[in-house]
Amino acid sequence: MNKVITINLDGIAYQLEEGGYDALRAYLETATARLQGNPDRDEILSDIERAIAEKFRALLGSHKTVVVAKQVAAVLAEMGSIEADSGEAADPCASGTGAPSSASGHGTAGEERAAWRGGTPRRLYRIHEGAMIAGVCNGIAAYVNVDPTLVRLAFVLLTMLWGTGLVFYLVMAIMLPEARSPEEKSAASGAPSTAQEFIRRAKEGYYEAMKGFPDRKARREWKRRFKREMRANADQWRHNWHSYCAEHAPFHPGMGFALPLLSLLHGAATVLWICALISLLATGTVFGLALPANVPAWVAALLLFIVYCILAAPLKATRRACYRGFGKPRWAWSFVFILDAAVWLAVVAALLWLAVHYFPELREGVQGIPSLAHQAADDIRVWWKGK
Amino acid sequence: MMSVNEKFSAIRKGLLEFLLLQIIATEKVYVADILKQLSGTEFATQEGTLYPLLSKMRREGLLDYEWKESEAGPPRKYYELTVKGREQLRETLEYWGKINGTVKKLGQK
């Protein structure tokens, strides 16, 4: 008796014997390592996964569901080992353009990004899943990789300008094709498979399999196993995503200068927020700006927090992206991270110290925080009961 | 002692791209077709070599692909040549003719 592991290749679930699974994983890991630095790495890997899936499909008849280890080994042998760049060795003249690993040293970040963009074709589609109207905003969001809500908001704002957004939307709704096949859907976001896609597929597989278990105990067992495997898949996916992010944020020397500046801004924003909060709690005003009479202090505090989050989010995101730029050796990343965190903390501490030192109201506010917290809690309780 | 097979592996490697251009020039093909056409020749290849090479050629603008539904299973990538690819094939054929001529001519002396 052999353990069987369910995997997902090209959107279809296959069951492999454990030995076969290990072999397949080792093969794909080697392939990933060999294609390191290839701008089309993700695409080639998905091509290879697709080819393996096709071979598995051919092996499995209607009555057969498990691919045994020997068959996996045979399929992998048929695939052959991944050769990093076949053109490079034979033609030295072409190696400048052909071998991305050698080019990346000289090419600018922009060129590299362009090459990457070219690698996974990104196309503008309408995406129906999770769409509000025709999926135009959804498609644009996937294309430029932002939250669809932001795109929708932009359209609404544009509509306020003499209806420009509405006209634009209608034109796009008519012109853009809809993403139907899984390939089109992944082309819409440019990524081989997105988180949503992963979760959707996982769920689909889950409920399909659940139907086949009339026995309660077997079903529970399957559920447990499925959850465990999905967790492992999710970890793997997260790992891939992280390495993908680290890979494609090209290093730019400017980041070295930008990072402390960003940290400074981020720190200043935090301090501003804390000061505003203290001022609000201590005096009921935000930097001298009185609240409307019927707004309780805690609502204002919450609003302040939201405003802070909105202001700080892009700063935070950019800082993260900068770290990834240092991603090549792992230790450099952590070093930069620690250094930057230290800078950030120092900025926050220094500014706070200055603020408390030079503004007596703030000092009083800080001293009054415990009693204010009690009062705020009471306020909330009263408000809650009143409701 | 190296066999002929080993000796010319570098040449075969270099010519593979040329052959791919020629295969793809005749019709839209997908990878299994290409492998079938190459199998049994001196240029028999595996997916592991072909996919990276095809993707490199696509990056260089020699070919492009489109997704096509297949009778069984998910859609497949069908490759075709771009204008640049055809131009390259023409040039390579010309050059290949020259090399061939040179080999023959030098052999006759």
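## An enclosed helix in chain A

In this predicted model, helix H8 of chain A spans residues 136-144. Of its 9 residues, 7 are buried, so the helix is largely enclosed by the rest of the structure. The buried set runs A:Val136, A:Cys137, A:Asn138, A:Gly139, A:Ile140, A:Ala141 and A:Ala142. Just after H8(A), A:Asn145 takes a positive phi of about 65°.

## The largest nonpolar core

The largest nonpolar core holds 35 residues. Five of them touch the most other members: A:Leu16, A:Ile48, A:Ile52, A:Phe56 and B:Ile24. Helix H2 of chain A gives the most to this core, with 6 residues. In soluble globular proteins, nonpolar side chains tend to be buried together.

Which residues does A:Phe56 contact, leaving aside its neighbours within four places in sequence? They are A:Leu9, A:Tyr14, A:Val67 and A:Val75.

Chain A contains an open sheet of 3 strands, in the order S1-S2-S3. The pairing is mixed. S1(A), residues 4-9, and S3(A), residues 66-67, stand at the edges. Each has a single partner strand, so one side of each is left without a neighbour in the sheet.

S1(A) pairs with S2(A), residues 12-17, in the antiparallel sense. The pairing extends over 6 bridges. Within it, A:Asn8 stands opposite A:Ala13 of S2(A).

Two helices contact this sheet. H1(A), residues 18-34, lies across S1, S2 and S3 of chain A and runs at about 115° to S2(A). H2(A) also packs on the sheet, touching S1, S2 and S3 of chain A. The direction of H2(A) makes about 125° with that of S1(A).

## Where H2(A) meets chain B

H2(A), residues 41-59, also approaches helix H4 of chain B, residues 47-59. The two axes come within 10 Å and cross at roughly 145°. The crossing is right-handed.

From H2(A), the contact uses A:Glu43, A:Ile44, A:Asp47, A:Ile48 and A:Ala51. From H4(B), it uses B:Glu47, B:Tyr51, B:Pro52 and B:Ser55. By class, the contact has 5 nonpolar, 1 polar and 3 charged residues. An α-helix has 3.6 residues a turn, so residues three or four places apart point the same way.

## A partly exposed lysine

Is A:Lys316 buried, exposed or partly exposed? A:Lys316 has 14 C-beta neighbours inside 10 Å, so it counts as partly exposed. Its helix is H15(A), residues 297-325. A:Lys316 and A:Leu262 are 54 residues apart in sequence, yet their C-alpha atoms are 8.2 Å apart in space.

## The two chains overall

Chain A has 387 residues, of which 20% count as buried. Its secondary structure comes to 17 helices and 5 strands. Among its contacts between residues at least 6 apart in sequence, 61% join residues at least 24 apart.

Chain B has 109 residues, of which 24% count as buried. It has 5 helices and 2 strands. Along the sequence they follow the pattern α-α-α-α-β-β-α. Among contacts in chain B between residues at least 6 apart in sequence, 49% join residues at least 24 apart.

Key: Residues are numbered from 1 along each chain as its sequence is written. Chains are lettered from A and ligands numbered from 1 in the order in which they are written. This is a predicted model: local features need pLDDT of at least 70, side-chain atom pairs count only at pLDDT 80 or more; totals for chains, interfaces and linings use all residues. Axes are lines fitted to C-alpha atoms, for helices over the stretch in contact, and angles run from 0 to 180 degrees between N-to-C directions. Helices (H or I, at least four residues) and strands (E, at least two) are DSSP runs, numbered from the N terminus. A crossing is left-handed if the near helix is turned anticlockwise from the far one by less than a right angle, and right-handed if clockwise. Two residues are in contact if their C-beta atoms, placed from the backbone, lie within 7 Å. Ala, Val, Leu, Ile, Met, Phe, Trp, Tyr, Cys and Pro count as nonpolar, Asp, Glu, Lys and Arg as charged, and the others, Gly among them, as polar. A residue is buried if 20 or more other C-beta atoms lie within 10 Å of its own, exposed if 12 or fewer, and partly exposed in between; C-beta atoms are placed from the backbone. Two strands pair if DSSP finds at least two bridges between them. A nonpolar core is a set of buried Ala, Val, Leu, Ile, Met, Phe, Trp, Tyr and Cys residues joined through C-beta atoms within 7 Å.
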